[in-house]
Amino acid sequence: MKESYLGVDVSPLSYTGIIEDLRKRIAGGQQSTIIAVNPEKVMAAQRDPQVKELINASTYQIADGVGILLAAKLKGGNITSRVTGVDMMATLLKFAEEDGHPVYFYGAKEEVVTKAIANIQATHPNIRVAGYTNGYETDEAALVSRIHQSGAKILFVALGSPKQELWIRRNLQKLPNVQVFQGVGGSFDVFSGTVKRAPAAFRKLGLEWLYRLGSSPSRIKRQMNLPVFLMKVMRSR
Ligand code: UDP
């Protein structure tokens, strides 16, 4: 059962739960979309009903932030562990390698996406890379046709939010052979080694945001969404 925070749905499934469910959906020929939900996006959804609709129309809304867990705690919800965008992508890569699904990588700078793929191929020797395109390509029709012809079954879109989600919504039906779409934000930057993830200790304590704030203080504006979000959740029914 999905939970809802300020009108935004969140899926309670774990990484393995999502993969199991995906297997069934793929077998049934259903396309699936994965979107990461965090307080910043929930707040954006309050300002823009289109964003809310976009999130709720996804197949899996993953709890990509400690903020959602805190909200679940406040409201007696069942979501007790995070499903981060970058770890979901790692899980899908393993699944793609095991089940032989070709993967397409779209987004980030040219040197970032190529380095990310090189690193992924080094750790997943049997992965089938259908192709890639950097995130600054402007001819969308040509890109969509290229992805279609590549035979990709899984597509990662790394353009940041909500750009990547809007892209997926615009092109989902034009890519009937792509079974799984994930908007992955800055994940190619992480796989390429360009951006370092927070040390394990920070991640365990749910303090990734603090680490990210330390390494890029301008994030404070984005992070102010967290206390505002929690206040609103507390006041909501
Ligand atoms: N990006 C892109 N095309 C654009 C704008 C952004 O490919 O037109 C890429 C950018 O290079 C970066 C990612 O999108 O790799 C944005 O990451 P960010 O951390 O901002 O996303 P978030 O995870 O915070 O949504």
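Trainee: How far is an oxygen atom of the ligand from a polar backbone atom of G186?

Mentor: This is a predicted model, so the distance is computed from predicted atoms. A polar contact needs a pair of N or O atoms within 3.5 Å. The pair formed by a ligand oxygen and the polar backbone atom of G186 is 3.1 Å apart.

Trainee: How much of the ligand's accessible area does the protein cover?

Mentor: On its own, the ligand has 560 Å² of accessible area.

Trainee: How far is a polar side-chain atom of K163 from an oxygen atom of the ligand?

Mentor: Take A108 first. Its polar backbone atom is 2.8 Å from a ligand oxygen. K163 uses a polar side-chain atom, and its distance to an oxygen of the ligand is 2.5 Å.

Trainee: Where in the chain does P162 lie?

Mentor: Start with its peptide bond. From S161 to P162 the bond is cis, with omega near 0°. Most peptide bonds are trans. P162 sits in the loop between β7 (154–158) and α8 (163–171).

Trainee: Which strands stand at the edges of the sheet, and why is one side of each left without a neighbour?

Mentor: The open sheet has six strands, paired in parallel, in the order β4-β3-β8-β7-β5-β6. Each edge strand has a single partner, so one side of it has no neighbour in the sheet. The edge strands are β4 (60–63) and β6 (129–133).

Trainee: Which residue in β6 is the bridge partner of Y104?

Mentor: Strand β5 covers residues 103–107 and pairs with β6 over four bridges, in the parallel sense. The partner of Y104 in β6 is G131.

Trainee: At what angle does α6 run to β6?

Mentor: Helix α6 spans residues 110–123. It lies across β5 and β6. Its angle to β6 is about 160°.

Trainee: What is the phi of L6?

Mentor: L6 is in the loop between β1 (3–5) and β2 (8–10). Most residues other than glycine have a negative phi. L6 has a positive value, near 55°.

Conventions. Residues numbered from 1 in each chain as written. Predicted model: local features only at pLDDT ≥ 70, side-chain atom pairs only at ≥ 80, totals over all residues. Heavy atoms only, no water. Pairing = 2+ DSSP bridges. Helix = DSSP H or I, 4+ residues; strand = E, 2+ residues; numbered from the N terminus. Contact = heavy atoms within 4.5 Å. Axes fitted to C-alpha atoms, helices over the stretch in contact; angles between N-to-C directions. Polar contact = N/O pair within 3.5 Å; in protein donor to acceptor, adjacent residues only side chain to side chain. Areas by Shrake-Rupley, 256 points an atom, 1.4 Å probe, with all protein chains shown as cover.
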